[in-house]
Amino acid sequence: MSTTALISRLRTEWAPSVPRELLAGAVATFALIPEVIAFSFVAGVDPSVGLFASFVISIVIAFAGGRPAMVSAAAGSVALVAAPLVAAHGLGYLLAAGLLAGAVQVVFGLLKLGVLMRFVSSSVRTGFVNALAVLIFSAQLPHLKDAQPATWAFLALGLAIIYGLPWLGQRLGLRALTAIPSPLICVVALTLLASFLGVHLPTVADLGRLPDSLPFFGLPAVPASWETLRIIALPALAIALVGLLESVLTAAVVDELTGTPSDKNRECAGLGLANMAASCFGGIAGCGMIGQAVSNVKYGGRGRLSTLFAGVFLLVLMVALKDWVSRVPVIALVAIMVMVSASTFDWKSLGQLLRHPRLSSAVMLATVVVTIATHNLAAGVAVGVLLSGVFFAFKVSRMLDVQGPSEADLELDLDAVSKDPLVWRVRGQVFFASADAFIEAFDVLAARGRAVRIDVSGAHFWDVTAVGALEKVVERFRGQGSGVEVVGLSEASAVLVDRVGSGG
């Protein structure tokens with residue numbers, strides 16, 4: 001590859017437009033702050049643990065991840081899994097579990113198991129996105145509980161700035177109003193306005209103690225023993241699987257938003273490296289953040305630079321600009337998260353509920369309901385995938401068609417037609433879900449001892465259950481004195497029958 005081609009490739013991958021990448025990364029950072037602090041409380045750790053983790057994860061995933069412009073950080077689903085471990089054994093064991101979870105994720109990526117995400121249907125992905133949008137919005141409601149009129153007024157003003165400035169800039173042709181992402185303007189404007197008017201609003205400092213130093217490297221302070229491994233093994237596996245699921249689904253969402261592909265296996269391995277690094281710097285494990293990723297893409301992020309800057313800017317804000325950030329009204333961040341929620345939700349899916357097949361709509365709704373009810377994205381996706389598989393098997397099983405001999409053929413005299421067998425023709429897929437229907441389609445008693453031919457040239461036998469069903473039909477015919485000939489087995493079906501059949 002020539003130097004020019006290499007530079008062009010790196011620019012495309014890292015920063016198609018440096019100003020837009022930096023500004024989009026900054027917006028993603030402000031969208032991260034309230035959620036990361038909230039997730040830290042869910043996990044039962046200090047806010048600095050979540051903030052340091054988000055900084056480290058963003059830096060590592062920018063280089064090692066497989067999806068440019070994707071934002072990864074400390075996440076709520078991982079916090080839910082981590083909370084019991086922290087409560088029972090403390091932070092040290094959580095960091096050890098994060099280290100082990102990262103190793104599992106690296107192995108997952110190296111084994112190229114990201115292909116398993118192909119089994120997540122479009123309906124499940126839509127449900128995942130919509131449920132997350134609802135959870136993001138609901139997470140803002142505690143900030144509005146018992147809110148004063150001034151809080152509501154600042155929220156309305158913040159949303160007006162976020163949505164109004166881009167609209168006004170387009171209508172008036174003022175590039176200055178669209179060059180800088182409106183969420184950044186919202187944060188600065190509301191902070192200055194609250195200070196100027198002397199309005200007392202909850203600030204970022206009220207959310208918890210912010211970091212006052214840089215993170216430092218160190219292995220988790222836990223005994224290196226089998227007992228430690230026993231304690232962290234299951235939580236680590238849960239953290240690894242939840243993180244992989246959310247990251248790959250988030251990558252798929254960004255793929256659709258940008259119209260570009262991503263390397264899911266590299267993303268899995270990159271997430272593992274990021275979580276291992278975060279654990280060694282005193283941070284909780286994390287994964288892809290779909291709300292922040294959508295926000296990043298919405299405001300121009302297309303390369304790895306936006307992800308890198310989101311992490312760097314977060315550290316700068318939390319350490320170097322701590323005094324300024326601590327004065328930012330929480331309601332300004334709530335306004336950003338409301339925008340993120342609205343941008344994340346797939347509004348077209350509401351109109352598609354009646355137009356799409358009912359089973360697909362049911363899968364989407366089930367994913368949303370379970371996710372919201374459990375506050376666990378992994379549980380919702382698991383239910384959605386399970387229902388998708390069940391519904392698919394149901395639909396395929398109904399495609400089986402078995403055509404038997406006509407009534408006239410069945411009524412012919414046995415001696416007169418002893419050389420002409422009765423023919424059953426099978427078309428469709430025979431597997432565990434259609435095996436019973438396959439067996440019931442044959443009228444064994446009607447054969448009355450005549451020769452039988454089962455033509456399966458239009459069918460395919462997929463599993464052991466299907467082979468067992470075929471053998472059962474043959475045995476039933478033979479039990480009534482009929483000779484049976486099975487013809488038309490495809491090569492794959494014949495191999496399966498030879499391998500698992502009884503040979504009768």
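Which element gives the most to the lining of the second largest pocket? In this predicted model, that element is helix H6, which contributes five residues to the lining. The pocket itself has a volume of about 440 Å³, and of the 21 residues that line it, Arg125, Thr126, Val129, Glu256 and Asp346 are the closest to its centre. Besides H6, two or more lining residues come from each of helix H11 (226–258), helix H16 (330–344), helix H17 (348–355) and helix H18 (358–374). When the lining of this second largest pocket is divided by class, 10 residues are polar, eight are nonpolar and three are charged.

H6 is mostly covered, with 12 of its 17 residues buried.

A search of the whole structure finds one cavity of 30 Å³ or more, and the volume of the largest cavity is about 40 Å³. Its lining consists of Ile61, Ala62, Gly65, Gly66, Arg67, Pro68, Met70, Ser72, Glu267, Arg304 and Thr307. Helix H3 (47–64) and helix H14 (304–320) each supply at least two residues of this lining, which by class comprises four nonpolar, four polar and three charged residues.

Among the strands, strand S4 (residues 422–430) and S5 pair in the parallel sense, over eight bridges, and within this pairing Gly428 stands opposite Ala459 in S5. Strand S5 (residues 452–461) is mostly covered, seven of its 10 residues being buried.

As to the confidence of the prediction, the chain averages a pLDDT of 85, and 95% of the residues score at least 70. Among the elements of the chain, the highest mean pLDDT, 94, belongs to helix H12 (residues 264–280), whereas the lowest, 67, belongs to helix H9 (residues 176–179).

Conventions
Residues are numbered from 1 along each chain as its sequence is written. This is a predicted model: local features need pLDDT of at least 70, side-chain atom pairs count only at pLDDT 80 or more; totals for chains, interfaces and linings use all residues. Side-chain values use heavy atoms; hydrogens and water are left out. On a 1 Å grid over the protein atoms alone, a cavity is a set of points where a 1.4 Å probe fits but cannot get out, and a pocket is an open set with protein on both sides within 12 Å along at least five of seven lines; lining residues have an atom within 4 Å of a point. Grid points are joined across faces, edges and corners, and a volume is the space filled by probe spheres set on the points. Helices (H or I, at least four residues) and strands (E, at least two) are DSSP runs, numbered from the N terminus. Ala, Val, Leu, Ile, Met, Phe, Trp, Tyr, Cys and Pro count as nonpolar, Asp, Glu, Lys and Arg as charged, and the others, Gly among them, as polar. Buried means under 20% relative accessible area, exposed over 50%, partly exposed in between (1.4 Å probe, protein chains only). pLDDT is the predictor's confidence in each residue, from 0 to 100. Two strands pair if DSSP finds at least two bridges between them.
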